[in-house]
Every structure is written in structure tokens, then in C-alpha cells.
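Please look over the sequence and the 3D structure shown here. A short report on the fold and its details comes after them.

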Amino acid sequence: MPAVSDMVASTPSNSEDGHTSDSTHLLPSENPADPATQQSAAKKKKKKKKSKAAKAASSNSAPVSEPAERPTVICISRNKHWKYISSYHGPWLQLPVELLDSLMILNREATPTTVEPQSPTLPSYSTASPAKPRPKSNAHQGFPDLSEFTPPDTPRLMASANLPPAFPPQIPGKATPPPIDPGVFKCVVSIRRLIDEASELSVRASSGMSSAELNAMRNGGGLAGLSASPWAAAQTLGLNPLGVHNGTGRNVAMSAIRIHRLRALAVSKLAQAYQHDEIASSVMVMQGGSVFDDLAEKVLKTDPNDADAKYVHFFHEKIPSRQMAESTPTKILDDLIAAYPHKLEVYRTRGIVHCFRDEYPEAIKDFSHALKESRALRKAKQSHANGAGSDGRLTKSSKRKKASGKKTNGQAPPDGTCAAFDFETSETGDVALLHPSVLPDAPEPLEHQLLFHRGATYLHHVMFLIERAVLDLEGVEKNSPTFDGIDIRLCYLDDSKYGGTEIGNPAGPLGSLSGRKFKVYRQLLNRSSFRDQVSSLLRKSIRDHEKFISHFDTLDSPGVIPDVDLAKQVEYSFLLSESHRPGHHHPDGPAPRPAGTPDLPPMFTTYHPLLVEAHYSILICQLMLADFSSLLPNFVRVASIVDGLEGYPVFLPPRSMAQAEYIEVLERLAGGWEIGTQPHSMSGSRSKGKAIKAAPPPSPPDSPSSLTPARLNGSSSSAPSDDAAGSSTSAATTPSVERPETPFRGRVDAEEALDYARMLLAPVYARQKKRAAKEKPLVKAKKDQQQNFSIPLHGPRVDLILAWLGAVHLPELE
């Protein structure tokens, strides 16, 4: 509640010397209007000046006695260290709760449609010309009522505005998926209401005001107060005719017991909010400033056994910045789980803390236990709702319900569409199909969160294993003071034993195959046991991320993917994903969409803040498995899905770290692996006019689940290089880097996998050549002016992926 907190924050008065003093702590004889008080204050000021001069003289005479200055340690709340916070920003943080409730109802309502073969589709609202880029930030794809609204007085404004594109055509007899996941929508609305109420209670406890006083402060100011009450008008003008406190007649101090109860109630509401979704709650708490800083701590001083206060204080406790692992033990969460084992949300929190502490097996154990119990609880509720008796036997009515149809439990089938199993009739007589995600037996949002976090934990575990092995090989200690609070990037290990990964080396991320660095890296990372462990974790990460994505249905838009060969589709998808890349800024304005973009409705998918991260995490896993036959078609589809993904008017577009890392790996490979940038089988010089459609090239390899660890090898992606040569349409050239004549034939489909890798890198390499040709005349002038400094938008995982690919997969493709 920013308005109340701002009013309370303005009550303390600032003295002349910069210190803040509260008027409630003034003694009766310290009235500023009293002459005696003014004289004593003047004397005190003179004494302070003398003391300051004496201190300065003493410090000048004995400077050696001053202790050495230590570096300042910035302490911030623990919840500010949580991952994926940038995915939950949006207008829901400021919109009125009543409006959020209305939007939530619109989001859950099914779109009326008849069950006839030819059902009417929503009209197109796009008025922009095909040449202009389609706007994404102002889209109302899932809320047609908002788009149809036209102000009566200014019809020309809506005629000239850039309205959103048309909704994809509905499938007859299929339920239309909601625009935003109903579970996450319900969570953020509940979080918003709980934190607003907690903010009001915290302000009341700090200021001693009642709820009536707060309402008077809200409604008694400005013109509304002048027209509402003469006494409020007098207070607004600075008059106090009755001589009462705040104009409400209350001048009795609130008792300590009542203050504690208000704070305990506020802490209880905060605990409920964190249990709904700790990421969204952390974002919302940050908007409240310092209202909640020491709230739980004050409650614990009075009642040390308050479970809600312990849980909230765990999030609000001040710890040194970027030292989450060292400053966060799990003892508090262990005690809460021992006392309340049925609270599965605490398992989720402890699993996230285990990830911060690099304790990934323990984190996976917590996520798996909470997921298992959550599913069992949902099945028990379904069994009870379907009429099961106390002994677990089904009654006759429940048997009829069970035989009526198969439940999908809110999960979309693999084909991307859901069969409706429930409906309701609208006022017009049309049949409104209900999507499984809006039904009472749909999975709780906790299940979605646990699936995503467990899938991300498997991938983090892989990165941790590779990083630990490489740092031990390089002789670098991660916890040394040199890297205090700084992410270690393998490309910057200049003082290490072998120098880490290389940037721009045409031989690959680890240099020549005959070099010492490559040999020791391959001997370390290509061990059978280590490789099997990494491959197993990557497959499990793909499994959980795919289960998470399956809960969010998709409406395909015909023609949104160009009907060309696979290489052209990959090129189109790369240019499309680059325009959505986090932190990507085009010099001429917004990032242009690829040429030939169809003027059709995009693929519509139910929005979730973590959906983009999940899609690109799967692409990273497939890249590290070198499963290019699955990677390329999946990349084409993901780029089209992300292009149509829209969380407005509740969420802003997310900043996905996995998306930035995936594109950065492609650019690094395209600029530092010369064999991967040679023409592929579908390029202009080799295809001879033969175009292959979206299906992979002939005889595709087996799926990752059927491949043995020895066959699961392949190539990846790369980065910009001005010296790289050739594009997807250029002629084949002989590489300038000499390779040994002893290739690593660890997989039977090495030739086809290399061709897939070249298709993936061809548009990246072509874009780098075009960019290098445009920037080449300006390089010398820039070097003369100043050194180019850029902050990387990706994390240290890029170099870990490149080290793994360079040591394990790339040699087997050459």
C-alpha cells in the first residue's frame, strides 16, 4: 500500500543537522516554540561545533591510531537473491485489486462456440500494414473485450492505433485455452491482496492508527475531503478547530498487545503469500519499500515460536549481497518441516536453498517428495469429489462418472490440443467448452512450480559437475578471495594452468585437437561414468520441463511457420528469436522481424512467466546431448511459440537467461568452430535445387532415449567472428586449420549430425559476416577513441556448455 506507507514515512521531521527525530519522542519542555528550548538548543549546537573541532585536531595529531578502513559490505534481504524475479514483473503490481479480479474472471471464462464443423472465428483487429512490425507490448490477445472497447468521444484514436493481431482460428469441438494460466493468475491476485492487507496492518502497528483513521487519511485530503466533511477540509487547510489528534478524536496510544496482534496478523498474511509463490511474493514485497523490513523480527521478539514469523523472517533477513550460499543455512526450514510436515511449500523453499548451496541431490529429493505428496493430495480430492466412500470403494454414481470419459487433469496431450470433457451453456444457447485448466480438478500451481524447479535443478547439477571438474583441472579455487562474489567464466582464466575456453579460435572452443588443452579436457570430461551421469541428468531435465510445458495448451496458426525446407525454417527461427533476445537493441530502433514474416495470427499459448525459460532450457539440454535431429524442429517451433507468447495486461515480457545463453552459444560456435560453418547439404552450392521440407534429412538418428552414451555426441553453437568465412549459400571451402587424420568416430550418425549442426550455425554465421562488414570501417576509429566495454548479458554457463561440447561432442563430428 504505497500511499499509506508514504504518508507514514513523511511523519518524522528532519532536523538541521540531518538526523531524523520523531515528534512523539519529544518531552513537554522540548516544545520548539518555547524560548528556553531554543536557547538550550543553541548552546548544544555550540558545544557540538567545539567537540567537532577538538575531534578534528586530535585526529590530525594522532592519525596512526585510526583503524584501517574495511570494504563496505552491502546487506540486502534474502528474497532479493531469488532467481527468475525478472519474469514476474508486470502491471499486476500496480493495478487495482478489483480490476485484477475482473481480469481473472474474464481469463477463466470459456469462449462461447458452437459444436458445429464451421465455428465462427474471432475477427481480426490488426490495422497495421504488413510492412510494419507487429507490436507485442500492447497486445490483448486473450482479452477480446479489452480490444473491442472504443471510447465514444475519440473514435479516431482507436482507428489509428496499433491494435493486436487476430486470435488464431478455433478448432471446432475443442476448448479454447485461457490466455494466462489460471493457477498463476489466481496466485498473483491472492498475493497482491494479502500483501496489501499486510502493508496496511504493518502501517497501523507502526503509527498507532486505527483503520478508520487510515480511511480518513485516504479520503480526507484534496477536493474530495473539502466536499465530504468541513472538519476534513479544515484539516486539509492546516487548521485544527477541535484540537484533536489527526482530526479523528483519537489521542490514546495503542497498547503493546494490540500492536503485537496487528504485526502477527500481518506476518500471517505474508506467510500465506510466500506459500502461494515465493518468487511473485518477493517481487511484490520489493514494491513496498521498508514496510516489512523488521516486521517478522519484532514478532519473534515477543513470540519466538511463531511459525509464520520464522518463515517470513527467513525471506526478509539481511545478508551480504551475492553471498546467498554462505549466509543461508537450512536449520530454520528444517525445524519448520519437522513441526509442520504437511506444508509442502516449505519443501519447495528448502529445495531452492539447496540449489543455492550447490546441494543438488538434496534439492531434487525435496522437490520430488513435495511433488509426490501434492499429486496424491489432488487424487484424494478427486476421489472424494467423485463419490468414493470412506473405505476407498467407488459408488455406482462414481463408477458412471469414471466411465463417462478420461480425465486429463489439466494436462494437454502431446499433439498440443486438449479434448474437452466438460461444458456449460451460455445465455445465447451456444455451448461453451471448458478447458481442463479451469476445472476444479486441475493441478495446483504448486505442481507446476515443483516440476519447473526440479527440471532446472537437473540442468544446474550438470553445470555444477562440469564446472567443478574443469576448475580442479585448471587449478582454480572457486571460493578464493580473487573470485569473491564474482561468477567465474572459463574464457577469462588467464592465470590458470591451461587457460580455459577460447574465443574466436577456428579450431574450436578448446583449440586444436592435437593440443595439450584439448587432450586433458577430453580425458577428464569424456570418461564413461562422468558422461553417463551428465547424459542422464540432461534427459531428466528435458522430461520435467516437457511435463511443465504440457500443462499450457497451444493453438497452432496455419502458415505461421514458412513452408520451406528445414534449413530455411531454421534461418527464419534464428532471426525471429534474435529479435526477442533479452537485452538485444537494434541501432535503428526496435528489432526488425525477419523478411517474409506471414501476416497471420501467431501461435497462441497459455502464458506462464517461466514458460520461455523452460522452452530454451530444453534446447540447451538437446544441444548438450547433440540430439540435432530433435533440436532443429524444436527450435523452429519454440521460436514461433515465443513470438506469440503474451502475458499482457498482467505480466511484462520475461527476461530469460536460458534464451540469452542459447543464442550466445550459437554465436560463439559460429565464430570459433570453422568446420561447423561450412556449407550444409541444403545450401545453394550443394542442394542443386533440391529442397527438403520440415522433415529432417534422410535417415535421421534415433531419439536420445534409444541412443547409448557412446552415440550421444554432437555439435553445438557459437559466436561472432570477423574472420569466419562462408554462409549458408556460399561455396564449400577448405578449412584453414589442419586437423589430425585420426577422427573420433564415437557415433554412427556423425555425418548427418554434422550436417544438422551446419544448418543450425549457417544463419548465425551469415549474420556475423554481415555485421562484420558493416562495422569494419568503424573499428579503427572506435579503438582510437576509447576501449570498447560491454557487460555480458549471459551467465557463466555458456563457457561450461562450450567446454563440454568441445571436449566430448565436436571431435566426434569432425
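The report below moves from the whole chain to single residues.

## Basis of the model

This is a predicted model, in which local features need pLDDT of at least 70, side-chain atom pairs count only at pLDDT 80 or more, and totals for chains, interfaces and linings use all residues. Residues are numbered from 1 along each chain as its sequence is written, and side-chain values use heavy atoms, with hydrogens and water left out.

## The chain as a whole

The chain has 27 helices and 8 strands. Both are DSSP runs numbered from the N terminus: helices are H or I with at least four residues, strands are E with at least two. The chain holds 814 residues, and 47% of them count as buried. Buried means under 20% relative accessible area, exposed means over 50%, and partly exposed lies in between, with a 1.4 Å probe and protein chains only.

The accessible surface of the chain is about 41,300 Å². Carbon and sulfur atoms account for 55% of that surface. Accessible areas come from the Shrake-Rupley method with a 1.4 Å probe; for residues, only the protein chains shown count as cover.

Contacts also tell of the fold. A contact means heavy atoms within 4.5 Å. Take the contacts between residues at least 6 apart in sequence: 82% of them join residues at least 24 apart.

## An enclosed helix

Helix H11 spans residues 278-286. Of its 9 residues, 8 are buried, so H11 is largely enclosed by the rest of the structure. The buried residues are Glu 278, Ile 279, Ala 280, Ser 281, Ser 282, Val 283, Met 284 and Val 285. They pack against helices H6 (182-207), H10 (256-276), H13, H15 (344-356) and H18 (445-474).

The axes of H10 and H11 come within 5 Å and cross at roughly 130°. That makes H10 oblique to H11. Angles under 35 degrees count as roughly parallel, over 145 as roughly antiparallel, 65 to 115 as roughly perpendicular, and the rest as oblique. Axes are lines fitted to C-alpha atoms, for helices over the stretch in contact, and angles run from 0 to 180 degrees between N-to-C directions. In H10, Leu 270, Ala 273, Tyr 274 and His 276 meet Glu 278, Ser 281, Ser 282 and Val 285 of H11.

H13 (residues 307-316) packs with H14 (residues 331-339) at an angle of about 150°, and their axes are 10 Å apart. The two are therefore roughly antiparallel. Their crossing is left-handed. Ala 307, Lys 310, Tyr 311 and Phe 314 of H13 make the contact with Ile 332, Leu 333 and Leu 336 of H14. A crossing is left-handed if the near helix is turned anticlockwise from the far one by less than a right angle, and right-handed if clockwise.

H18 packs with H19 (residues 516-525) at about 140°, with axes 11 Å apart. This pair is therefore oblique. H18 passes H19 in a right-handed crossing. H18 contributes Ala 469, Val 470, Leu 473 and Glu 474 to the contact, and H19 contributes Val 520, Tyr 521, Leu 524 and Leu 525.

## Loops and backbone

Gln 170 is in the loop between H5 (155-160) and H6. At 9% relative accessibility, Gln 170 counts as buried.

Most residues other than glycine have a negative phi, and most peptide bonds are trans. Tyr 84, which is not a glycine, has a positive phi of about 65°. Tyr 84 sits in the loop between strand E3 (75-77) and helix H3 (97-108), and is buried at 16% relative accessibility. Arg 322 also has a positive phi, near 60°. Its loop runs between strand E4 (318-320) and H14. At 51% relative accessibility, Arg 322 counts as exposed.

A cis peptide bond joins Tyr 648 and Pro 649, with omega about 5°. Pro 649 lies in the loop between H23 (628-644) and H24 (657-670).

## Cysteines

How many disulfides does a search of the whole structure find? The search finds 0. A disulfide is a pair of cysteine sulfur atoms within 2.5 Å. Cys 75 is partly exposed at 41% relative accessible area, and Cys 355 is buried at 12%.
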